[in-house]
Structures are given as structure tokens and as C-alpha cells.
Amino acid sequence: MAVKILAETLLSIRHIAKRFGDNTVLDDLSLDVHKGEVIVVVGPSGCGKSTLLRCINALEPIQAGEILLDGEPIKPDGKNITELRQKVGMVFQSYDLFPHLSVLDNIVLAPRKVQKRAKAEAEAEALTLLERVGLKDKAASYPRELSGGQKQRVAIVRALCMHPEMLLFDEVTAALDPEMVREVLDVILKLATQGRTMLIVTHEMQFARAIADRVIFLDGGNILENTPPEIFFTNPQTERARQFLNMFEFAAVKHHAPAED
Amino acid sequence: MPDLGLSVLLKGKNMARLLGGLWVALRISLIAVAISLPLGILLGVLMAGKNRVVKAILRVYLEFIRIMPQMVLLFLGFFGTTRAFGWNISAELAAIIVFTLWGTAEMSDLVRGAIISIPRHQYESSQALGLNKRQTYFYIILPQAARRLIPLSINLITRMIKTTSLVLMIGVVEVLKVAQQIIEANRMTSPNAAFGLYLTVFVLYFLACWPISLLARYLEKKWR
Amino acid sequence: MAVLDWEVIQQYLPLYQEAAWLTVRLGVAGIIFAILIGLICAIVQYFKVPALRQIAAVYIEISRNTPLLVQLFFIFYGLPKIGIPTNATVCGIAGLAFLGGSYMAEAFRSGLEAIPAIQTESALSLGLSRAQTMRYVILPQAASISVPPFIANVIFLLKETSVFSAISLMDLMFTAKDLIGLYYKTTECLFLLVVFYLLILLPISILGSLLERRLRHAGFGA
């Protein structure tokens, strides 16, 4: 049901299963992500959204199925796993900057040590990217001197500086104060307009509606809906999705009679 | 096979004597523990309190006790008291006094640490509920502090037991000394008994301390 | 209380200086080996190396639950009986290393375990290898967390050297005891004993609390 004229498939998830002991988190899940596509994954807590992203980045081993990036399988113990990870940038919910490194060093660590790029070149690019997210003046600061929103923008720049083919966002605004959510989402919106391939897990429904090419609704370890946002938010196909969307609506209480206490 | 002390150990009442020696050491540490724990709690609460003069005095006491090797403290307690005050106390009593002073200092620091580790908002939310200072302490702060404190103070007990081995150096006849005596007495018949006997002392200390350490670790995990 | 006899103190001073020097030398040597043992144990346990990890765990339990004095008696008087020759110096250093290794291991391990898993994961997700993650991300952070317990262990081990007098090493403790026994100048002997231990231990203790305060306040923790 995709709307865009689709380019080639970048990421292909085929019948994967993920279990923690007896607890099945992902169950025979399949999904294709095409180049330039923005997919938003929503669902109740514990539905396996974050686990899905962690599996794509091979932070979790899977028990069945396979995940292919550019046709190559991603496995935690695979030989070329560091090369594959470079192609997938990931931003986490918690501020996961390295606290002992300055903002600039946080960003250039991987480009220099993994991609063996020259210091001057990597730093120049880092500064350009920082400027784009409005944080050039913070290059020499340490993570503890930044607000949550600033840290998260640095984390995004850190992922971008590796020139990934695809970006994963794992509830990147969930730990932020409300007034900082916007500054982070704006950065992600800008990335979408540049045609980046992104897989976004979020609870910000307005944002999801604005940015998504496709919305995936995940529940009980399975994809229940896979539709364009206009359809998902106005006319969801499943009862579970309807219930889920209802949680974001508030009934008016103002006109109720005051409760007797 | 050369005799490494097993036959000496099993001869006559030697094993019983060794255990008797261990008991001498354990008795000293247990008496010291029994006095140190309550005293330490008292001093610890004072150190976490607001009185500056009391805090300063306790601080000096604590720092001096902690920076000196326990062996030096033992010498000060044993030889120093004779010299300074003309007291002629037994080595065992001197050891009990010194280990009590030391144990109290260590305990008070653990108590102070446990109390100040309780976050500010615990006091505030307790007071916001209308509890007074005393109630806040008894119902909110101390129960939480106790959970952090108990594993640490059990660890302190093993440290005190281990440290008691030093009383040998001021002439208390404890387990190492008894082992020495047995080795001496059997020097002719089994010249290699030192290996077996000191190994036995080693194992005895381990058996005395290990279960206590395990308990401390179990509680630490359970209450974290 | 007896007043100090400064003449006696001057007379004893060189003996104490020599003894203090021996205390420091033996202490430092023992601590260096303790650090090596501690590093090996911490790494083996952190990476859960099979077999070696269990050996390290057993060693740590034995080392932490027995007194140094008893360890020394066994090494110094017991081991020669089964054909392992020892001399007092080697024995003192070995004993201190055996005791200190387990304490150092705990200090290093607590530092490593204090680093949240997300730090490893975000480093891996950037494409860093396991070794690079360790070197550039985990170790620098773990090291600074380990500093306060490390300094505490150094002080603890230097204090423990006072037990060396039991195997006839002429350290501060031995010198004090010897002089008291010979001339009964108890007050002066004990005074010098305390002063010299303070001279050795106080600077390290002050350095330790300075470092700890700096790490706590300027710590890079978010």
C-alpha cells in the first residue's frame, strides 16, 4: 500500500523470531524497507518495537529468520558486522553520549577509529553537521553541560557522521522534557526531507502522522497494520489499533458534576 | 611420604587446643563487635547531625583511628597505656579496648554514610505528609538506612575477626601461638609439621569468615 | 604523662628512617603485584572467561577471608617444609600481593560494572569493534570510577605491611618493638612510630580525598 514510487529494497526482514527464554517478543515478523522510505513503528509498550530495532542493529541475536541489509545477512557474530553496523545509524532513548568525551570527540570517535578518516576532515564535517542542528558553539562542551534535547541532537549528528544508509530512532524523545521534544523532532523532519531512509519508533502521534510514509502497528510481536498514515490514523483496520489510538484521546471532564468526596 | 603435620594435628588434644586458641581470638573480636555496633550507631547518627563541635571531634577521632595500622593501635593500647597512665592491663583486655575503639570508628562511618545516602526528597516528602522530625527518622530514614547498613556491618565483623589475628604480636595466646607451641613441642619427631599446622590455622580462619561474607553478600543482593 | 625525651628521639631517628624506607619499598612492590593480579582477575571476570573465571573467584574468596598474618605464617614457615624456599622479603611482597590482588580486583571490577550497557551498545552501533569499545569508551570511564577504591586499597595495603614484623622484616613496627624491648623508651618509640606512619599515609589519604572530590563534582556523569 506504499504511496511513493518505490526504489530498491534496502532492508529486508524475513520471518524473524526473537525470544527471551520462554517469552516470545517477535513472532514470525517480516518487513521490507525501501531506499528513501520513512517508516514509523507504533504500538503499546512491550510490543517489541525497541527489540525490533535492536535486532536490526545486531545488538540482540534472533532465533529464527534473517535480516538482510543490501542483501547481506546481519548477525551479531557475523564477520563483517562492524561494516554492516556502519551502514545503520542508531539513536537511543537514553542520552547515550560518551560522558568522558567532548561533543566533538563523541562525533569523530567512530569516523576516525573505525573508518580511519583524517582528523581534520572528520572534524570539519562534524562541525558542519553540528551547525545544521544549531549546536556548533557546543563542540567543545562535555555531555553533562548539555540539556537533554541538545544531547539527543548530538547523538543524531554522531550517527550521521558515519554516513549511514539508514537511521534507526528508538523513542528518542521519550526521556525529554516536553519543551525539548520539538527541537529534536525538527531535526528528524529535516532529515526526512533530505530523502533519508529511517525507521522510527515513537509515541508522538502528531509527529508520526507528519513524517511517515508508512505506519507499522506492532502488537504481541506481530505487525497488525502496515498502512499509510492517513489511513492508520483515521480508519485503522484492526480493533487493537483502534483501542491503541483511543488511549491518546482525552474525554472532556470539565462539565461533569463535581465528585462527592 | 614425609609427615606434613597431620599426625601431629591428630595427636592427643592438639586439635582441641588449636580450636581453643581460635576461640580466644574469636572471643576478643565478638566482644569488640558487640560493643562497637551500638556505639558506632550512636556516633554515626551524631556525625550525620548538625552539631559542628561534636562533628569535628568525632572526625578527628575517626581519621586518626582509620589512618593508623591496627597493629600500631594495638601497641599504643598495650604499651602506651602502661606508660601513660600507669595501668597494667592484660593483653587481652588491651586488645578488646583497641578493637572496640577501631570498630566503633568504622561502624560510625558506615552509619553516617548510610544516613546521608538517603535522598533529600525522602525527608521532604515525609515532612510534607505531616510527620515530624522524630517520626521521619524512625519510620522513613532509619529503615532505609538499615538496609544499606546491615550488609556493610556484617562485612565489618569479618574484618574485625581477621584483624584479631594481630593479638599474637602483643603476647595473647591465640590460635597462631598455639600452633607455634605445638610445632615447637614436636620439632624432633615431625620437623615438617609447620606446613600442616599453619595450613590448618589458615583454613580455620577461612571457615570462620567465609560464611559471614556470604551472608553479607546475600543480603546486599537481596536488598539492593 | 611522660614528656618526650628529644635526645632519645634524635638518636632513634635514623633507625626509623631506614625502617620507614623498607616499609615503603616492600609496600610499593607488593602493591604493584597486587595491581597486576587485580587487573587479570577483573578482566577474566568481566569477560566471563570460562575456567579462569572460577579460579579467580575462588582465589578472591580465600584471599579476602583470611588474615594477612596467617597468610604470611603459612607462606614463610609452612611452604619451605614442602620444598618451596622463601626469604622474608619475597615472602612479605608475595603475601601483600596475594592479599591485595583480590581487593584490587574488586576495585577494578566495580569500575567496569558501573558503566551502563547502553554505552557498549551505542559504541557497537557506531561500528566500533569490541576491542575499540573497550579501549575508547569503557576503560576511560571505568578507570576514573575505580580511583577512589584504588587509593583506599593502597592505604589499606600500606597499613597491612605493619604485619611484616612477624616474619622478622625490619620495618617500622619491628623497629619500634625491638627498641621498646631493648631500652624501654616506650613513649618515644611509640611517638616516632605514629609520626612515621602519618608521614607515609597522610599524604596519600589527602590525595585520595582530593581526587575523590574532584571526580564527584567535575565527574562527567550525566
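Mentor: A polar contact is a pair of N or O atoms within 3.5 Å; within protein, one must be able to donate a hydrogen and the other to accept it, and residues adjacent in sequence count only if both atoms are side-chain atoms. The model is predicted, with local features needing pLDDT of at least 70 and side-chain atom pairs 80 or more, while totals for chains, interfaces and linings use all residues. Residues are numbered from 1 along each chain as its sequence is written, chains are lettered from A and ligands numbered from 1 in written order, and side-chain values use heavy atoms, leaving out hydrogens and water.

Trainee: OK, how many residue pairs are in polar contact between chain A and chain C?

Mentor: Six, with both residues at pLDDT 80 or more.

Trainee: And how many salt bridges there?

Mentor: One. C:E121 pairs with A:R54, their closest N and O atoms 2.6 Å apart (a Lys or Arg side-chain nitrogen within 4 Å of an Asp or Glu carboxyl oxygen).

Trainee: How many residues does each chain bring to the contact?

Mentor: Chain A brings 25 and chain C brings 21, counting heavy atoms within 4.5 Å.

Trainee: What area is buried between chain A and chain C?

Mentor: About 2000 Å², with 65% from carbon and sulfur atoms; that's accessible area (1.4 Å probe) lost on being put together, summed over both parts. In chain A, A:P99, A:H100 and A:R144 lose the most area to chain C, together 28% of what that side buries.

Trainee: New topic: how exposed is B:L46?

Mentor: B:L46 has a relative accessible area of 41%, so it counts as partly exposed (buried is under 20%, exposed over 50%, partly exposed in between; 1.4 Å probe, protein chains only).

Terms used. Buried area = accessible area lost by both parts, 1.4 Å probe.
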